Each structure stands twice: as structure tokens, then as C-alpha cells.
Amino acid sequence: MIATLTPSTSATAEAAHHAAECLNCGHPVPDRFCGRCGQDAHHTHRLNMAHMLHDIPHSVWHVDKGILYSLRTIITRPGTTIRAYLAGQRVDHFRPLSLLLVVTGTFAFISSLLHIEMFPPRDPSVDEAVYQSQKAIAEFMAKYMSWVYVALVPVIAGFARLFLRRGGYNYAECLVIAAFITAVCNALTLFSLPLAYFYSGTPQIQQFSLGVSVVSFGYATWAYSSLLAHTGLSLPKRLIRGFFPFFLGIMIPSILGGILMVALQWDTLKANIKQQQRTQQQQVTAAPRPTVPPGQH
């Protein structure tokens with residue numbers, strides 16, 4: 001015997017999925033959407049991995065309003081903004097993955113148009129082959145590092161889950177946190193492009209690039225630490241915990257990738273080093289010997 005679902009039973013089951021009050025503005029929600037702010041009351045439950053897997057294609061193909069508002073509030077009030085988003089106040093914000101992809105795509109597009117040289121001119125004391133190898137690495141980092149950050153969001157989220165565990169965040173929520181904060185870090189790099197273009201190919205470009213990286217790491221540390229403001233931890237302890245998610249999530253894969261690149265190019269590097277040593281030896285041999293004045297033998 002097949003059970004049938006009466007209209008009243010269907011309405012009761014449907015209502016069970018909705019919050020009694022809108023979690024964004026507090027207005028009573030008799031139906032799926034809030035009559036005051038329009039938020040979908042059906043999708044305000046606590047985030048989990050099933051929700052994240054559903055949200056990925058939706059985030060890629062559906063771009064909502066609020067990108068400037070989201071960037072501004074996450075830059076100025078990261079902890080308050082992200083915790084409110086996790087708690088269900090989402091109607092005014094860009095979806096985290098959409099924000100990350102739009103910001104990173106914009107940065108990649110503009111930087112490709114500007115053709116910024118992120119490596120200084122060659123020092124005469126540096127071998128040409130070594131210089132070209134270093135320049136190729138710097139160009140790769142400048143071109144693809146923002147996308148590397150995107151790819152490392154799951155790794156950063158794993159470290160966030162570890163170091164922000166006092167905040168009670170699950171891994172899916174840490175993915176949202178990492179996506180928002182990484183989007184802002186890439187946005188800071190995007191905002192720095194005019195100055196990077198000004199210093200392009202100059203000896204100061206490396207110092208400028210280092211400064212941008214320090215600002216990004218500093219912001220990430222503060223942003224992650226602010227997500228523990230409700231835990232009662234002291235500021236120094238929050239900052240220590242806030243430092244490691246982004247730092248370890250970026251540095252450990254970068255170190256492993258660097259080791260792999262060195263291993264793959266080890267023969268080339270050895271040949272370049274030997275060639276540089278032979279060149280230096282030849283310069284020493286070809287250098288004129290000092291003459292000794294008469295009577296000083």
C-alpha cells in the first residue's frame with residue numbers, strides 16, 4: 001500500500017524546513033522567502049559537506065549582488081561579517097566561492113594586460129643562466145600564485161579547522177572562512193597592481209612585492225584571529241592561532257613544491273653552478289698579475 005501525502009501533511013513537511021523567523025532580519029517567515037528582506041529561509045541551516053558540494057556549481061554559475069559590500073565588510077570587520085554569514089545572514093553577501101573566483105579572475109586578467117615585470121634587472125655578478133632560471137620562477141609566481149591560493153583553500157581550511165577549533169567551526173564552515181579571507185588577500189594584491197606597474201622591472205619591485213605579501217599575511221592573521229573573539233581567548237593567543245592557518249596552508253605546499261621543482265631540475269642546476277664556477281676560475285686566471293717595482297724583489 002502506497003502512502004499518499006495530503007496537502008496539509010505536505011505543508012507541514014515543507015514548513016519544517018523553514019525557520020520560524022528570518023535569520024537575517026528577524027521577520028516572521030510563513031513561506032520559503034522572507035517578505036521583508038527576501039532571504040531564502042530554506043538554506044540557512046548549518047553548513048556541512050553535502051551543502052558545500054551542492055554550493056560549488058551554484059557558486060560558479062550564479063553571481064549575486066553584493067561584491068563590493070562583501071569585500072568592504074570582510075576587510076573592515078572579518079570576524080563579525082563571516083560569523084554572521086555562517087549564522088544565516090547571507091542575503092547581502094556574495095557567495096564565498098563566487099567572490100574568490102571573481103576577484104582572482106579579475107586580478108589575473110588585469111595583470112596579464114599590464115605585463116608587470118616582477119623581477120629586478122640582472123646583477124652583473126649573477127650568471128645569466130641562473131638569472132633566467134630565477135626570473136622564470138618569479139614570473140610563474142606572479143602569474144599563477146593567486147590561482148595557487150584558490151587551489152590551496154581546502155588545505156588552508158584544514159589548518160583553520162585545527163587552529164580555530166575553539167570557535168566550534170566544522171570543516172565546511174572553515175572552507176567558507178578560508179574562501180572569504182583568501183578572496184580578500186587576492187583583492188589586496190589586485191588593489192596593489194597600479195603601484196606594481198609603477199615599479200615594474202625596477203630594483204624596488206622585489207621589496208614592493210614583499211611588502212604586499214606582508215600586508216596579506218598580516219590581514220589573514222588578524223581575520224582568522226577575529227573569528228575567535230567570542231571564545232574568551234586573550235588577544236595574543238587569538239593572534240597566534242590566527243597566524244597559522246594561512247601561513248601553514250601556503251608555506252608547507254610551497255616548500256614541498258619547491259623541493260619537487262629542485263629535484264626535477266637538479267641536473268640543470270648542477271650544470272649551471274659548475275659553469276658559473278668555471279667562469280669565475282677563468283676570470284681569476286685571466287686577471288693580470290700585479291707588477292713588482294724594481295728594487296723590491
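Leaving aside its neighbours within four places in sequence, which residues is Leu248 in contact with? The partners are Phe159, Phe163 and Pro253, where contact means heavy atoms within 4.5 Å. Before we look further, a word on the model. It is predicted, so local features need pLDDT of at least 70 and side-chain atom pairs count only at pLDDT 80 or more, while totals for chains, interfaces and linings use all residues. Residues are numbered from 1 along each chain as its sequence is written, and side-chain values use heavy atoms, with hydrogens and water left out.

## The overall fold

The protein chain has 12 helices and zero strands. Both are DSSP runs numbered from the N terminus: helices are H or I with at least four residues, and strands are E with at least two. Read along the sequence, the pattern is α-α-α-α-α-α-α-α-α-α-α-α. Of the 297 residues, 35% count as buried. Buried means under 20% relative accessible area, exposed means over 50%, and partly exposed lies in between (1.4 Å probe, protein chains only).

Among contacts with a separation of 6 or more, 70% are between residues 24 or more positions apart. The protein chain exposes about 17,800 Å², and carbon and sulfur atoms supply 65% of that area. Accessible areas come from the Shrake-Rupley method with a 1.4 Å probe; for residues, only the protein chains shown count as cover.

## Helix H3 and Ile74

Helix H3 covers residues 67–76, and its buried residues are Ser70, Leu71, Thr73 and Ile74. An α-helix has 3.6 residues a turn, so residues three or four places apart point the same way. The buried residues of H3 pack against helix H4 (78–86), H5, H8 and H10.

Not counting residues up to four places away in sequence, Ile74 touches Thr81, Ile82, Leu99, Phe180, Val184 and Tyr219.

## Pairs brought together across the sequence

Leu248, our opening residue, lies in helix H11. With a relative accessible area of 18%, Leu248 is buried.

| Pair | Residues apart in sequence | C-alpha to C-alpha distance |
|---|---|---|
| Leu248 and Phe159 | 89 residues | 7.3 Å |
| Ile74 and Ala183 | 109 residues | 9.6 Å |
| Glu128 and Asn272 | 144 residues | 9.3 Å |
| Lys237 and Ser225 | 12 residues | 8.5 Å |

Glu128 lies in helix H6 and is partly exposed at 38% relative accessibility. Lys237 is found in helix H11 and is partly exposed too, with a relative accessible area of 46%.

## The largest pocket

Rolling a probe the size of a water molecule over the atoms shows where empty space is left. Here, the largest pocket has a volume of about 1,500 Å³. On a 1 Å grid over the protein atoms alone, a pocket is an open set of points where a 1.4 Å probe fits, with protein on both sides within 12 Å along at least five of seven lines; lining residues have an atom within 4 Å of a point. Grid points are joined across faces, edges and corners, and the volume is the space filled by probe spheres set on the points.

The lining holds 49 residues, and Ala138, Phe140, Met141, Ala142 and Met145 lie nearest the centre of the pocket. Helices H5 (96–114), H6 (128–151), H8 (171–191), H9 (193–198), H10 (205–226) and H11 (235–264) each supply at least two residues of the lining. H6 gives the largest share, 15 residues. By type, the lining divides into 29 nonpolar, 17 polar and three charged residues. Ala, Val, Leu, Ile, Met, Phe, Trp, Tyr, Cys and Pro count as nonpolar, Asp, Glu, Lys and Arg as charged, and the others, Gly among them, as polar.

## Cysteines and a loop residue

A search of the whole structure finds zero disulfides, a disulfide being a pair of cysteine sulfur atoms within 2.5 Å. Cys22 is in no disulfide, and the nearest cysteine sulfur, that of Cys37, is 3.7 Å away. Cys22 is buried, with a relative accessible area of 6%, whereas Cys37 is partly exposed at 27% relative accessibility.

Finally, His115 is found in the loop between H5 and H6. His115 has a positive phi of about 55° although it is not a glycine, and at 62% relative accessibility it counts as exposed.
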